[in-house]
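Please look over the model shown here before reading on.

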Amino acid sequence: MDRFKDRRRPIYDGEESPPPDGLGEEDGGGTPGPFAGGKIRRKASRYREHRGDYLHVSSRPELMKILEKQGDTSIRFADKVLKFTGSGKMKRRIFILTDFAIYLIDPETEAMTRRIGLAAVEKVCLSKLSDNFFAVIIPTEYDLLMASTRKTELVQVMVDVTKSASDYELEVLLSNRFEYNASASLVKEVSFEEAEGGIKTRFKWK
């Protein structure tokens, strides 16, 4: 399967940034439903078998305790992601998606850092290119900008879960330039363009 690997990596403001432990290149595929052919996908992402829970959350008592406390144990997707703070720093997080919410958990302390009800999510923004970024837009709170090597699968599962729970189809915005609220008082614009050796990603304060 090595011939299917795409060796391009994202470039942040002109510099290549290697993925952290557990965040290698995409190595599989999935159903492109909400993308409707508008997104360039890595060759590797077309051949993946979806597993959903990549962290075996059900066998990790501390993680299950967090979900059970919220009365929420239906794990639809779980994996490691990078979360971008308002100041632009990257933090490793465990991302868990259930039938009702998104959970972000510190992988070192296994403490929950944020819970977002799916009913509060307005849309998901991502570029048309083969980068790892996506933004979850939450009008009643500040938004989430994250990077996942399984972005396509993650977004597809979010769309499926939302539709199954409410008959509402989550909007997926495909654009190489979009804005998000990095904090309650800070709006940023992120843009993507193809560059030699990868995807160039730029951030701009609004």
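1. Which residue in β8 is the bridge partner of Val-124? The partner is Val-136. The model is predicted: local features need pLDDT of at least 70, side-chain atom pairs count only at pLDDT 80 or more, and totals for chains, interfaces and linings use all residues. Residues are numbered from 1 along each chain as its sequence is written, and side-chain values use heavy atoms, with hydrogens and water left out.

2. Strand β7 spans residues 123–126, and β8 spans residues 133–137. Strands here are DSSP runs of E of at least two residues, and helices are runs of H or I of at least four, numbered from the N terminus. β7 pairs with β8 in the antiparallel sense over three bridges; pairing requires that DSSP finds at least two bridges between the strands. A hairpin of six residues joins β7 to β8.

3. β7 also pairs with β10 (residues 171–174), in the parallel sense over four bridges. In β10, Val-124 has Val-172 as its bridge partner.

4. Both faces of β7 are covered: Lys-123 and Cys-125 are buried on one side, Val-124 and Leu-126 on the other. Buried means under 20% relative accessible area, exposed over 50%, and partly exposed in between (1.4 Å probe, protein chains only).

5. In helix α1 (residues 61–69), the buried residues are Leu-63, Met-64, Ile-66 and Leu-67. They lie on the same side of α1 because they cover an arc of only 150° around the axis, taken from the directions from the helix axis to the C-beta atoms. Pro-61, Lys-65 and Lys-69 are exposed on the other side of α1.
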